[in-house]
Amino acid sequence: MQQHQPRRPAPIRRVLVLGLAASLVLGVTACGPSINEPSADADGARLQAPSDKSPSGEITIWDRSGDLFEVFDAAIADFNEVYPDITVNHEAVDIDAKLQNTLITGTDVPDGVFLDDAKVAGLADSLWDVSDVLAPYVDDIAEQKIDVNSINGGVYGVPYDSNPGLLYYNAAALEAAGVDPTQIETYDDLLEAAREYQAAVPGSQPIHLEQSAYLGQLQLEMYASQLGTSVADAEGELRLDSPEYEQILTFLDTVQKDGLGTRAEYLNPTDIAQLESGSQVFYPWAIWFSFATQQLLPETAGDWRAMPLPAWEDGGAQSGAMGGSSFVLPRDGENSELAWLFYEFLMFDEAGYTAVWGPNDVYPAGLNTSIPSYGPAADPAAPLFGPVPELGNQDLWAVATAASSEIPPAVPTPSWWAGAVDYLGNNLQRMLDGEMTPQEVLKTSSTDITSNLIDRQ
Amino acid sequence: MTALTSARTKRRIAPYLFVAPFVAVFLAFSIYPLIFTARLSFTNWRGFGAAEWVGWDNYTYLLGNAGFWSSLGNSSVLWMLIIPVQLVLALLAAVLLNNSKLRLRGFYRVAFIVPFVTPLVAIAQIWVVVFDQNYGAVNGLLNIIGLPDVGWLTTSEWSKPTLALLFIWKTTGFIVLILLSGLQSIDASVYEAASLDGASPARKLWSMTVPLLRRTIMFAVILQTLAVFQMFAEPFVVTQGGPYGSTTTAGYYLYNHITRADLGTGAANSFLLVIIVMALSLVFVRLLRAKD
């Protein structure tokens, strides 16, 4: 009986199969980024405004989902009154998750994107330099906003909002305790007011201490912005280990060690409960905390007020920037110049910025979580949004525009800023846990940021 | 003769044509990414422009980096907190659900699988509220019996057990299903014979069920080992890797490189992770074979 043996591939066939596999591997490895070629030259990528008198076409605009998306969506009708032949495809997108990959692949790249200022520098290689189109407006835009969008002489974002830091305080609780907030001019005064409040309301923890590593670092940068400094200088060199940062950290350390602070993550259940109970009465934060007073604090709505931040020394700046966003235009977008017209309308045309910050369906009294960064739109005498009932009908516009004018000039946010949270943000929390001193935070964070982030750029 | 040759050729080509769709997909979505990633791991590419060849730099950086080892340590601790507890719970549940006398058996089977199919983001929101240090229900219960508040998600000591609990709660139903399928393949006569010999339920479980399920259990262990070392969504939505990186798992640490556009280091990290996970899987397979 004949047995069938499994047939072995003939040598020639084996060679062919191996050759095919090798070709495939080599072919596949040829795809992807080229190695050791000169990098793309960003200098030549300056966006120009369209010369056509009646521009037409279709643009895709990405925004975050939520209230701002609704606001911008409603403003498209106003834009189309000026530019009837431009169709806006407005999409709500998880920008943090999707933008970087889209820019890398170059597929379905949008024409304009709403982006955190802190993320602009990291993507600048694939964005248009908008220096030329911004030129007619640049002198009227808050200097700090131009600064944070500037990289190597180019400007890579159309500034959207200004987010001045303010001191929110529970006026009713302070009055009941006999503490006069108008006497708070410096951070030493704030400490004193907190001690007075605690003496009147035993067990209270008057000052907010942020427990999220990311937001804690963002708030730290607000304090630093007040002192005219930031984590890196204009050349991207680290300048964390400085007297200014030591002063800020010492203040936060004192709040914690003296039991004057509520340690909680921004608006988590503990934070809200402490705000509503009258235990936490001072909240140094960006203007956008006004959202909380309107939507998350029903018990104390109407009790809250806002004032400029205390100064670090007599006569010092009474605000610093905390967060902020801009509009960026990817170079691979099909109609970037038309997207520029859209943003130009929203930010620099009265009809546009009134549609964004003025009363609308989403914010009947106007969008009061930020103010425009464009001077003529942020005129203290011509408020775009009205008094806020939850702030006792206070004129937040006047407070915010005055505070915004106090923000010192800034420098670009380094591309590694968000990565620094693993070091600076975490070490700040360790200090508040009593595990590190302010000096240790600065030295350790500087070393770690240098070796893990800056040296690896 | 020509017709015969043609038929023979068709017969030879046919198998290749049948497997061609799979091979094409496999090449496009497995081999290409693998080779691309391998190549990327030797560059400093950040997503734009040209990539610079950096040799072994990304690997040496990671192997000398405390954060990398810490992430592996975190994953190892989570593995120890999760796998033994989950296996015991899943085995007991599977044995109970396999009992034909159990009333509402269908209901319990569905109940066990519900956490597995519920979106993690929804669960995470509840977890954050329930485990809040000052106003969470868990600490509320502890206070009732006179115990102090615990920083479940805000202290390095407790964040890992809390995350492990979430993982166990969410995925145990899946392991129950796997073990249940294993149990149902065991011949009932084995248990009948043991009963005739006077074996107690505990003795049957320990001396018969567990040995007969050994392959299924090992399969579950390998699956869950892969899941724990690649765990990303749980720390991402509940703790963002904190506090102080105490819940930064190997998978989450890898993600951090990607978000910083440090794609070369991310690629190197993923290769190191593949090697570690493959080594662990091989150890488990060896253990299984040794017992055979």
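Residues count from 1 along each chain as its sequence is written, and chains are lettered from A, with ligands numbered from 1, in the order in which they are written. Since the model is predicted, local features need pLDDT of at least 70 and side-chain atom pairs count only at pLDDT 80 or more, while totals for chains, interfaces and linings use all residues.

Let's start with chain A. There are 17 helices and 14 strands in chain A; helices (H or I, at least four residues) and strands (E, at least two) are DSSP runs, numbered from the N terminus. The C-alpha trace of chain A spans about 105 × 65 × 50 Å along its principal axes. Of the 457 residues in chain A, 49% are buried. Buried here means 20 or more other C-beta atoms within 10 Å of the residue's own, exposed means 12 or fewer, and partly exposed is in between, with C-beta atoms placed from the backbone. Among the contacts in chain A with a separation of 6 or more, 78% link residues 24 or more positions apart. Two residues are in contact if their C-beta atoms, placed from the backbone, lie within 7 Å.

How is chain A divided into domains? The assignment gives domain 1 (57-162 + 323-378) and domain 2 (165-322 + 413-454); such bounds come from an automatic or database domain assignment. The C-alpha centres of domain 1 and domain 2 of chain A lie 29 Å apart. Twelve residues from domain 1 of chain A and 13 residues from domain 2 of chain A make the contact. On the domain 1 side, helix H4 (117-123) and helix H6 (143-148) of chain A are the elements that give two or more residues, and H4(A) gives the most, with four residues. That side has four nonpolar, seven polar and one charged residue. For these classes, Ala, Val, Leu, Ile, Met, Phe, Trp, Tyr, Cys and Pro are nonpolar, Asp, Glu, Lys and Arg are charged, and the others, Gly among them, are polar.

Now zoom in on A:Thr369, which sits in the loop between helix H14 (350-357) and strand E14 (371-372) of chain A. Is A:Thr369 buried or exposed? A:Thr369 counts as buried because 21 C-beta neighbours lie inside 10 Å. Leaving aside neighbours within four places in sequence, A:Thr369 is in contact with A:Ile287, A:Trp288, A:Ser290 and A:Phe291.

On to chain B. UniProt, in an unreviewed entry, places "domain: ABC transmembrane type-1" at residues 72-284 of chain B. UniProt positions are given in the numbering used here, feature names are shortened, and annotations may be inferred rather than shown by experiment. That span is 76% helix and 0% strand. The unreviewed entry also marks "transmembrane region" stretches in chain B, including 110-130 and 270-288. Residues 110-130 of chain B are 90% helix, with end C-alpha atoms 24 Å apart, and residues 270-288 of chain B are 100% helix, with end C-alpha atoms 27 Å apart.

Next, a helix pair. Helix H3 (residues 66-97) and helix H10 (residues 214-229) of chain B pack at about 145°, with axes 10 Å apart. Axes are lines fitted to C-alpha atoms, for helices over the stretch in contact, and angles run from 0 to 180 degrees between N-to-C directions. The contact of H3(B) with H10(B) has ten nonpolar, four polar and no charged residues. B:Trp79 in H3(B) and B:Phe229 in H10(B) are among them.

Finally, where do the two chains meet? One place is A:Gln429, in helix H16 (residues 424-432) of chain A. A:Gln429 is buried, because 24 other C-beta atoms lie within 10 Å. Beyond neighbours within four places in sequence, A:Gln429 contacts A:Gln211, A:Ala213, A:Gly216, B:Pro243 and B:Tyr244.

Those two chain B residues deserve a look. Most residues other than glycine have a negative phi, and most peptide bonds are trans. A cis peptide bond joins B:Gly242 and B:Pro243, with omega about -5°. B:Tyr244 has a positive phi, near 55°. B:Pro243 lies in the loop between helix H11 (233-238) and helix H12 (250-259) of chain B, and B:Tyr244 is found in the loop between H11 and H12 as well. B:Tyr244 is buried, with 20 other C-beta atoms within 10 Å.
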